[in-house]
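This briefing covers a single chain, grouped by topic. Please read it alongside the sequence and the 3D structure shown here.

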Amino acid sequence: MPKHLLSIADLDLPALRALLDTASQMQDVQRREVKKVPTLRGRTIVNLFFEDSTRTRSSFEIAGKWLSADVINVSAKGSSTSKGESLRDTAQTIAAMGVDAIVIRHSASGAAHQVAGWVDAHIVNAGDGTHEHPTQALLDAYTMEHAFGGSVEGRHVAIVGDLTHSRVVRSNLLALAKLGARVTLVAPHTLMPSGIGEWAQTDGFALATDLDEVIASGPDALMMLRVQRERMSGGFFPTPREYTVHYGLTRDRLATAAAANADLVICHPGPMNRGLEIAPEAADAAQSRVLDQVAAGVAVRMSVLYHLLTTGGLEMTA
Ligand code: NCD
């Protein structure tokens, strides 16, 4: 296991497998009445978040606490960053207190890599700009494996929406390729990052602009991405209504997708724009795994913290 979790690219298949398998054991802890194991007693983890977050930050906090670590949350609002302190000074200040791990979310792509070069602590990338979000890809893979009853190998996963601004898609492509899934990315040309054509060829995924055609082919999973309006400076599509007409998982598309594949799984990393990229009927459908993803997020993050911070065995009793 590498010292940090910065990118899915740093994980070979056995490491990826180990993280997912341990997450299964962690999910057993999550289902207990007393959800606490002593594994990380005496360890300190800082969640350093420079961007808003609901599920990622709180699930890292819960994950650390259930493993008995001390977890401290530092957000940019209310920290010395708002007084002009640099990322390097902030990270080194926190590390100097003797923390074991820093979980970082930042709007700059590469921020987690940089911090890993400045401090000794273990660094976990909780989302860096439009680059990567490795624990999201792990929890997505975990959710799909469990929904499919074991493996994503040979399964067809369609990832739909704002590819340009999504760090989730980059991490997912790397993880799903390693696990042997077949991936199609679906988006309007305006939301495809430049160079994606060559990338698709080297990494072996398909590209499509017609969502209805992809849905008719009966994918096993539809992963809807949030339209990241906060990262958009110009007009990437004419109107929200037009986006929904062509790329939203509407009630009609849900019906077609479910008819084309009886075992359809719907995922969304959240937060959802209900009515834009996903209709409420799809978000709340029997096929929706959105809340399973959230639950898996805690188990996967427990697994990550465990693997990075211990070399010993997994103590599962309090
Ligand atoms: C994602 C993120 O922040 O990158 N959300 C998440 O972590 N659950 C995706 C998004 O913001 O759309």
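Two strands count as paired if DSSP finds at least two bridges between them; helices (H or I, at least four residues) and strands (E, at least two) are DSSP runs numbered from the N terminus. This is a predicted model, in which local features need pLDDT of at least 70, side-chain atom pairs count only at pLDDT 80 or more, and totals for chains, interfaces and linings use all residues. Residues are numbered from 1 along each chain as its sequence is written, and side-chain values use heavy atoms, with hydrogens and water left out.

- Four strands form an open sheet in the order 2-1-3-4, with parallel pairing.
- At the edges are strand 2 (70-75) and strand 4 (122-128), each of which pairs on one side only.
- On average, neighbouring strands of this sheet are turned by 15° against each other, direction ignored; axes are lines fitted to C-alpha atoms, for helices over the stretch in contact, and angles run from 0 to 180 degrees between N-to-C directions.
- Six bridges link strand 1 (residues 44-49) to strand 2 in the parallel sense, and Leu 48 stands opposite Val 74 in strand 2.
- Helix 2 (residues 55-66) packs on the sheet and touches strand 1, strand 2, strand 3 (101-106) and strand 4, where contact means heavy atoms within 4.5 Å.
- The direction of helix 2 makes about 180° with that of strand 1.

**Domains**

- The chain is divided into domain 1 (8-132 + 295-309) and domain 2 (134-290), with bounds from an automatic or database domain assignment.
- The domain centres, taken over C-alpha atoms, are separated by 26 Å.
- Domain 1 gives 29 residues to the contact and domain 2 gives 25 residues.
- About 2,300 Å² is buried between the domains, 62% of it from carbon and sulfur atoms; buried area is the accessible area (1.4 Å probe) that two parts lose on being put together, summed over both.
- Two salt bridges are counted between domain 1 and domain 2, each a side-chain nitrogen of Lys or Arg within 4 Å of a carboxyl oxygen of Asp or Glu.
- The side chains of Arg 167 and Glu 51 form a salt bridge at 2.9 Å, N to O.

**Loop residues**

- Ser 68, in the loop between helix 2 and strand 2, has a positive phi of about 75° although it is not a glycine.
- Ser 68 is buried, at 16% relative accessible area (buried is under 20%, exposed over 50%, partly exposed in between; 1.4 Å probe, protein chains only).
- Thr 190, in the loop between strand 6 (182-186) and helix 7 (196-203), is partly exposed at 43%.
- Gly 270 and Pro 271 are joined by a cis peptide bond with omega of about -5°.
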